[in-house]
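Me: I'd like a close look at one part of this model. Take me through the packing around one side chain, and then through what lies further out.

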Amino acid sequence: MGNGKSRGRPPGRIAAVVGAGMLTAGLVTACGSEQGITLNLYYAPEDTFQSVVDNCNAKAAGRYKIVYNKLQRGADDQRLQMARRLAAGDEGLDILGLDVTWVPEFAEAGWAEEWTGTNKAQAEAGVLPGPLATATWNGKLYAATKNTNVQLLWYDDRITPQPPATWDQMIDQAEQLKAAGKPHNILFTGAQYEGLVVIYNTLVASAGGHILSDDGKSVVMDEGAVQALEILKRVTDSGITDPSLTNQKEDDVRQAFQRGNGAFELNWPFVYASFADEQPQDLQHFKWSTYPAVDPGTPARTTIGGYDLAVSTTSKHKPEAFEAALCLRSPENQKFSALNDGVPPSIESLYTDDTPLDPTKPVDADNNPSMATAYPMRDAIFAALKDPAVRPLTPAYQSLSTVISKVLSPPSEIDPQRTAEELRSKLTDALNSKGVIP
């Protein structure tokens with residue numbers, strides 16, 4: 001799913017130096033927690049997240065020990081494994097790493113415990129409104145935001161000195177670059193999966209449109225939704241997309257740009273750490289901007305991704321699970337994950353936090369980084385997060401996503417009016433079927 005689950009390969013020097021200190025803290029806990037409670041965390045693979053787990057175990061001082069059970073890399077596989085076990089009443093799941101699109105489904109199914117009282121207050125404190133909405137269902141909080149994510153426009157300033165402000169400008173610039181024999185492709189996730197849905201949802205929201213009603217109970221597919229189809233059709237009909245567009249997911253897009261196969265890359269922030277690691281000699285030319293707008297003068301509304309942490313209703317250790325989940329997504333640990341795994345924080349204050357990871361030592365971009373030194377795109381991310389797009393919140397989202405990606409693939413065959421009617425019909429069927437629980 002193209003919702004920000006891709007993990008960059010951060011510069012190893014940062015992860016190794018900073019992670020070593022946190023890992024040492026984890027070893028202290030391992031010796032003193034044999035008599036404590038074991039909390040099973042099920043979460044996607046994330047390069048340095050074990051260091052975060054170790055840090056929280058150290059703080060628990062033997063009262064409990066979090067065990068990081070890594071889920072499969074594929075989002076659908078992650079969801080199915082947890083859903084099937086929870087549907088069977090499995091008591092071996094305590095903390096659930098949920099993609100931001102899964103919270104309504106897990107809440108509606110009775111698998112995610114509601115956050116109340118002090119736990120709720122701590123989980124909501126300082127969180128940006130967009131990410132917080134992904135953890136909420138029917139006015140109740142069912143998860144704590146672990147990180148958010150948002151796509152940016154990436155470009156090489158040797159090819160494009162100034163980024164385009166709108167899709168029309170980007171398409172025009174790509175056509176001019178092509179005519180001049182220069183790298184020109186607009187690279188984005190065009191494969192038949194969630195990544196294509198993310199692009200479409202961003203275009204719809206940026207055009208002021210809606211796929212579903214705000215309450216998620218009916219299909220809208222208004223004028224903005226049709227305009228988004230027109231843009232997808234135009235960009236894929238103009239000879240300015242990669243020949244492998246219909247097979248490209250996030251990392252394919254990243255690699256294509258790094259090979260020099262494009263002028264513009266629409267992708268998540270993980271690409272910066274990867275570029276820094278693999279092509280440090282060119283990093284000074286790797287630039288970013290907020291997503292291009294649909295209408296001039298109206299900022300794009302970019303679809304957010306990320307992960308939320310829920311407490312399973314089947315857990316036998318709910319108080320400890322809530323405490324552990326709060327630790328795993330604390331400001332300190334969100335900052336660590338941002339600097340080491342490239343995942344944007346959901347807590348607003350971190351975007352203006354210039355202290356290094358270890359405040360007792362001088363700032364060093366290599367060994368003791370701060371958000372300013374190792375996360376330079378933070379201002380663009382924060383600007384995009386001020387008014388982002390959230391994918392339709394509904395327990396039936398998985399079915400809706402499958403329908404949208406299938407109908408839109410390949411984008412070059414879109415007929416805006418006909419495709420809009422097909423989406424209205426098939427999305428209505430999917431919404432009414434509620435076919436989300438395996």
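Leaving aside its neighbours within four places in sequence, which residues is Trp-115 in contact with?

Reply: A quick caveat to start: this is a predicted model, where local features need pLDDT of at least 70, side-chain atom pairs count only at pLDDT 80 or more, and totals for chains, interfaces and linings use all residues. Residues are numbered from 1 along each chain as its sequence is written, and side-chain values use heavy atoms, with hydrogens and water left out.

With those neighbours set aside, Trp-115 is in contact with Lys-120, Ala-123, Leu-141, Tyr-142, Ala-143, Ala-144, Leu-309, Ala-310, Val-311, Phe-322, Ala-325 and Leu-326; contact means heavy atoms within 4.5 Å.

Zooming out, Trp-115 belongs to the largest nonpolar core, which has 52 residues, and is among the members touching the most others, along with Leu-41, Met-82, Phe-106 and Leu-328. Such a core is a set of buried Ala, Val, Leu, Ile, Met, Phe, Trp, Tyr and Cys residues joined through side-chain atoms within 4.5 Å, with buried meaning under 20% relative accessible area (1.4 Å probe, protein chains only). Elements that each supply at least two residues include strand S1 (37–43), helix H3 (75–87), strand S11 (304–311) and helix H12 (318–328). H12 gives the largest share, seven residues. Helices (H or I, at least four residues) and strands (E, at least two) are DSSP runs, numbered from the N terminus.

There's also a second, separate core of 47 residues, with Ile-211, Val-407, Ala-420 and Leu-431 among its members.

Terms used: Buried < 20%, exposed > 50% of the residue type's maximum accessible area, 1.4 Å probe, protein only.
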